[in-house]
Amino acid sequence: MSVLVIGGSVAGIAVADGLRSQGYQGAVTVVDADPSLPYDKPPLSKHALKEDWDPIKGLLRPEEHYAAKDIELVTGRTAVALDAVRRTVRFDDGSERQADHVVLATGVRARLLPEELMLPGVHAIRTAADSAAVRAALADRPRLVVIGGGFIGAEAASVAAGMGLEVTIVEALPLPFQHLFGADVAEAMAGWHRAAGVRLECGVMVAGIEGAERVERVRLTDGRVLEVDLVLLGLGAVPAVDWLDGSGLDLDNGITCDEDGRTGLPGIWAAGDAATWRNPVTGDHVRVEHWTTAKEQGAAVAHNIARPDEPARGAGPVPYFWSDQHGLRVQFLGTSAGHDATHLVHGSFDEPEFVVLYAREGRIIGALGVAAARHVMKYRTAISAGERIEGLLDPVGEAAGA
Amino acid sequence: MKVTVIEDKCCGFATCISVAPEVFDIDSDQIAVSLIDGDLPERLHACAREAAEACPTDAIVIEE
């Protein structure tokens, strides 16, 4: 009996730990391309950018954990090909490994600009090394331009603004997050940037990145030019599945899986950001890039491998993510995709402490909280059950409903 | 039994306050805190263990 896990981030480690906690007796091996011990990714665009960051705090598990749980950990080795029939993975050093079950958890990589624009001083943040490079660059007190005002961009901008740096965010949308959270919430979030001294350039894109030895200027599509010392890309991420081309797996914006983590090929599973699991409620295949989803999928796959005779386990029904910006914690439960109404049910946009509910066709689908963990989390059950929105609105919510 | 919350790990998921409201609360930074400094009364042991098990970031440490 053996399980080979490709990828040692949160999903991969959840598989390995889950196998052991389910009493799995076979060999468990985790192989990751990153040379570091497995680490947690959420801090990389948050606390890890600050001078006082201690990388030990960022480890998913202490070093001794792997030996103690009899988990073989191989770092700094990149998977380059999968033979799905033989359940064998080939690595960049030419070595191969075979197992009874192979779990694919290679995650995502940051979306970059075309190579000719990736001058020295242009960074993305996905790995600990990326984060360390940005931390070192921020210490020189650069003028910073963040391209893309999404979560990674907003978090990094808020750290840099907190250090007193000159920060500009360039965002193609009329406001960051407007498509996700609606105009009211997006306006509130933009207000936090402005209050912290971050310049927001919205509705405009980058036409060029220029410099002699390294980046010096960002040219915008409206003709303006920003003088800059450091550029951070917050352009989202793409599944790291190129190495699976030709493997016979169904790859469509990630590795297609059923609701229990099985791919279409026997003994091959996938979990985490690279996996597109079927949602058992809607029937849609959705790829979710959330930490807690990766962890839940990893634990579910571990259960399904270790206990094949028991009913299969899926991921949790309610996705969750959080983001830290300008000293405020934003939390989101469920989804806002396709919402047709929003309702402010707690606090106000100016405080800033609030909860906004998202509804579609009269039923709650998501809840966003700012500095309001206790209030937002109580909607978990309602979202899971798809309750009618009217029953969840107090008089404040009805007055502010849109 | 003693419980501690590792602040750097807590993501504010707040499962702990739904499972063990007498043991945990969420502070103004949206991070879980233990309400009980010393030994936990025996009747709270089971729910504290359940909270630690349910925490998505393994931020709750239990010393038996």
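Which strands of chain A does helix H1 (residues 10-21) lie across, and at about what angle does H1 run to E2(A)? In this predicted model, local features need a pLDDT of at least 70 and side-chain atom pairs count only at pLDDT 80 or more, while totals for chains, interfaces and linings use all residues. Residues are numbered from 1 along each chain as its sequence is written, with chains lettered from A and ligands numbered from 1 in the order in which they are written.

Helix H1 of chain A lies across E1, strand E2 (27-32), E3 and E7, and runs at about 170° to E2(A). Helices here are DSSP runs of H or I with at least four residues, strands are runs of E with at least two, and both are numbered from the N terminus. Angles run from 0 to 180 degrees between N-to-C directions, the axes being lines fitted to C-alpha atoms, for helices over the stretch in contact. As for contact, two residues qualify if their C-beta atoms, placed from the backbone, lie within 7 Å.

The sheet in question is an open one of five parallel strands in chain A, ordered E3-E2-E1-E7-E19. Its edges are strand E3 (71-75) and strand E19 (268-270), each of which pairs on one side only; the twist averages 20° from one strand to the next. Pairing takes at least two DSSP bridges between two strands. Strand E1 (residues 2-6) and strand E7 (residues 101-104) of chain A, which run parallel, are joined by four bridges, and A:Leu4 has A:Val102 in E7(A) as its bridge partner.

H1(A) also packs against helix H7 (residues 291-306) of chain A, at an angle of about 35° and with the axes 7 Å apart. The crossing is right-handed, that is, the near helix is turned clockwise from the far one by less than a right angle. Among the residues making this contact are A:Ala11, A:Ala14 and A:Val15 of H1(A) and A:Ala294, A:Gly298 and A:Ala302 of H7(A). By class, the contact has 12 nonpolar residues, five polar and one charged. Nonpolar covers Ala, Val, Leu, Ile, Met, Phe, Trp, Tyr, Cys and Pro, charged covers Asp, Glu, Lys and Arg, and the others, Gly among them, count as polar.

A second open sheet in chain A has five parallel strands too, in the order E9-E16-E10-E11-E12. Four bridges link the parallel strands E10 (residues 144-147) and E11 (residues 167-171) of chain A, with A:Val145 opposite A:Thr168 in E11(A). Helix H3 (residues 128-138) of chain A packs on this sheet, touching E9 and strand E16 (230-233), and its direction makes about 135° with that of E9(A).

On the domain level, chain A splits into domain 1 (2-109 + 237-306), domain 2 (112-233) and domain 3 (327-400), with bounds from an automatic or database domain assignment.

A:Leu344 counts as buried because 21 other C-beta atoms lie within 10 Å, the cut-off being 20 or more, with C-beta atoms placed from the backbone. A:Phe354 is 10 residues away from A:Leu344 in sequence and 7.3 Å away in space, C-alpha to C-alpha.

How values were computed
Buried ≥ 20, exposed ≤ 12 C-beta atoms within 10 Å, placed from the backbone.
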